[in-house]
Amino acid sequence: MPDLIEKKKTEAVAVSAPEKPEKARSLGSDAWQELRRNPVFLLSAALILLLIVITIAPGLFTSVDPRAGDLRNHYLSKPSYGHLFQDDWFGYDGQGRSIYARVIYGARASIIVGTCVTAAVTVFGGLLGMLAGYFGGWVDTLLSRITDIFFGIPLLLGALVVLNAFTARTVWSVVFALVALGWTQMARVMRGSVITVKQADYVTAARALGAGTPRILFKHILPNAVAPVIVVATIALGGYIATEATLSFLGIGLQDPTISWGIDINSAQNVIRTAPHVLFFPAGMLSLTVLAFIMLGDAVRDALDPKLR
Amino acid sequence: MAEQPILEVKDLVKHYPLSQGVLFRKQTGAVKAVDGVSFALGKGETLGIVGESGCGKSTLAKVLMNLERATSGQVLYKGEDISRLSGAALKAVRRNIQMVFQDPYTSLNPRMTVGDIIGEPYEIHPEVAPKGERRRAVQDLLDVVGLNPEYINRYPHQFSGGQRQRIGIARGLALKPEIIICDEPVSALDVSVQAQVINLLDQLQKDFELSYMFIAHDLSIVRHISDRVGVMYLGKMVEIGSDLEIYDHATHPYTQALLSAVPVPDPTARETRDRIVLSGDIPSPANPPSGCRFRTRCWKAEDRCSTEVPLLAVPSLLSGPAAHASACHFAEVRQTVTT
Amino acid sequence: MTTVMEKKTETGRLVPGTPLLEVRDLHVEFKTRDGIAKAVNGVNYSVAAGETLAVLGESGSGKSVTAQTIMGILDMPPGRVASGEILFRGQDMLKMSGEERRQIRGQKIAMIFQDALSSLNPVLSVGYQLGEMFRVHRGASRKEAKAKAIELMDRVRIPAAAQRVGDYPHQFSGGMRQRIMIAMALALEPDLIIADEPTTALDVTVQAQVMDLLAELQAEYHMGLILITHDLGVVADVADKIAVMYAGRIVETAPVHQLYANPAHPYTKGLLRSIPRLDQKGEELYAIKGLPPNLLKVPAGCAFNPRCDAATDLCRTETPALHQVMDKDGAELAGRRSACHLWKETLHG
């Protein structure tokens, strides 16, 4: 009798659990299943998708030339409900240019700087940090000293020197300068994380099985060491966009014919009391972008941790 | 043991250099973790290794697994020295010697499914199981260690300690090894689960003709599972023999002290037990005492012990079960008043 | 309300046998992501001066949570004392103010932890940490505190105490660090010591030294000792009485000799049968089947029923009370209780 009850119970469980027993699952597929059901991820992904579309095809969103000014509209701000999604619904800046159009066209520089710098810094710094942490010894000593040297260079001062080497400064020269000076942070985070993880018994177990270095690094160490890097990277992304703005303000970043949120935020500083809308819209977009990436980073990090499921 | 032992260790030494200086590193000494250990392991046999922390038993396991390079000495697997192997030759040998780890919470990658963990040996050694059969093989292994094969898609954190240790054992079995080195395989488990895992290891040994090297600090468990037992102290093997010889006829004072200190789960033994309480702590393996390493804590120590290193050999004066290898100048069976 | 008359010895210590601590129907819960885990589920036990109570249990049995609740060091939240009383010399500590409890903690009740290395502050010298107790609680000067620290280190037999008083925790071996922990617990001569797995992290030969020291000091000061452990061997060596815990409940209490000779609960019985013995080599070990329960899903009825060989339908539906255990003639056995519907069969069968 008791056995029967037990059996029935297990059967009931087996029926109710919608498991497809023949399908092998892995961390990647499980993480994706998890993400698809996470509203935070969906929201942030939608926002980022929208920003990417804006970056690629700003013409879809506005027909106004962001560089064309009409001084009659000097700091004009009359957004009303009737103007929703019109070219003037964010108002005009000091030179009478449509702020809406500038926000749309400015997305490109800011997002390219933000995402490209973050991606490059994470890959490059992360890789160096991983190698230093995993191999230790003289590799670690050498890489860590190099990291320290770069870490010691003040970002703005360093960027000043690097950017002055370029005759024509484009978005890409800014990206280059920020990557050259920014990778150290990721290298340090990754190195520390890898040193903790590589002492785990499962790494020893993999070595005992005869696993090669690439397998140990990418299958065992990286997935367990990457979480803090993701967090730092998503937070740093906003910082890079802001740094680009600062560089532009100092006159060593992007220059006026180029449009970026950073440039607009800086030029709005002087009129913050009289025409706050000039600052509000590019700054708001910047915050929204940063928020979207931080949310995305959080969701991805959680999805990669089976314990949180 | 008429036939050739499956694993033979000859005068194995592992020193970790201690160095000073930042730029110009100078070796100032060495931690003598394992310092001249020899023994043999027969096919289907279980050799227990006991000793306290710092005695070198875990280092010994790492050297045997080739996770650390031996400083000198030989590890012979079926007559072939494997301690110097590298690359493909080493990888091939690894199939035959596997390991079960102490801590089931850190020895499984938390971000891999159970199927991936147990299946990883096949990815590293694809010749063992063809790709199409791997999943089947993993499920068979789960069944063998007493876990539900449907658990294949779960993650380690969804299991209890005992179940995780079973997963670790299944991973160790995947390559069909001949030797399994168990480094404290049950010490992290709950008492009521330890017996289950011990019984499982026993059963697997019978089913697959495995040879075990069973490293533990719990002498009761070692006695239960071992055919022969070696006692280590400060990097040296001080006594080795059959379980009867070691547990009932120990001749080395350290073994005697160790055995007498084990708490017996029987309160009536409280008054009658004849316990040797050793004074002091284990000396540092970086600076071991001269001569016999145990002499600083030994009640029998004389001048000779500080100058002459006792060899691990059968003392000529002893007979019967007391006649087994013991590294003491004054080896004799201790006369206890009661058991 | 300390109306209870307490007898004291000439040295001002409590006379052995004076009731010290009584835990009454204690319930402790933890809020987790997946629901409420009932870690402690109606625990009763008591300790008198000079007595050693061993609380035996596996991980998740609630033995450490109970101790932390007594000490007032439970993390709250997520933990919460749902109900119950903890009477220390007649006063309910759960009703005391934070300040009153702090006065008791360390001075009247002290705790020894498993991991001495992480319980000591690595950047302060051992002497400073020992002396701190006297400076904070007794208002001693630095010089007096140092002298006291040396005295204490001497007392727990640390060789060359006067020279080593300025050393840092990492400079001591594991056994020595655990002695320092004991010294720290003893510093203010408490009435009760709670030792949570005090020797688990130590080697066998050192374990014996530390347990002997603890027993000796306990006898000297007539302290009550609650020894929390999973090691049946250690318990047999030092305990006077035992409380066995399983899934947040006490399943059996008994004087030490009777428990080992004749357990009255299937769990205790199974545990005793499942440990390999040093003095005998068995064939196959008896193993309790199954796994310790998940505290979020404790089985209905007796929590042990899925693992029990003797379980009946009654065991699956009704939670057993902690029955008074009687011998074959129906006479009550003092101090023996069993939370098993079938205690008679278990004990006599």
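**Note on the interfaces and on chain A**

1. Across the interface of chain A and chain B, 2 salt bridges are found, a salt bridge being a side-chain nitrogen of Lys or Arg within 4 Å of a carboxyl oxygen of Asp or Glu. One of them joins the side chains of Arg215(A) and Glu123(B), at 2.6 Å from N to O.

2. The model is a predicted one, in which local features need pLDDT of at least 70 and side-chain atom pairs count only at pLDDT 80 or more, while totals for chains, interfaces and linings use all residues. Residues are numbered from 1 along each chain as its sequence is written, chains are lettered from A and ligands numbered from 1 in the order in which they are written, and side-chain values use heavy atoms, with hydrogens and water left out.

3. Between chain A and chain B, 15 residue pairs are in polar contact, both residues being at pLDDT 80 or more. A polar contact is a pair of N or O atoms within 3.5 Å; within protein, one must be able to donate a hydrogen and the other to accept it, and residues adjacent in sequence count only if both atoms are side-chain atoms. On the side of chain A that touches chain B, α2 (27–36), α8 (201–209) and α9 (213–225) each supply at least two residues. The greatest contribution there is that of α8(A), with 8 residues.

4. In contact terms (heavy atoms within 4.5 Å), 30 residues of chain A meet 28 residues of chain B. The buried area, that is, the accessible area (1.4 Å probe) that two parts lose on being put together, summed over both, is about 2700 Å² for this pair, and carbon and sulfur atoms give 51% of it. In chain A, the residues losing the most area to chain B are Asp201(A), Ala208(A) and Leu209(A), together 24% of what that side buries.

5. Chain A has 12 helices and 0 strands, where helices (H or I, at least four residues) and strands (E, at least two) are DSSP runs, numbered from the N terminus.

6. Between chain B and chain C, 43 residues of chain B are in contact with 45 residues of chain C. The area buried there is about 3800 Å², with 56% from carbon and sulfur atoms. This interface has 2 salt bridges, and one of them links Asp212(C) to Arg275(B), whose closest N and O atoms are 2.5 Å apart. Polar contacts between chain B and chain C number 8 residue pairs, both residues at pLDDT 80 or more.
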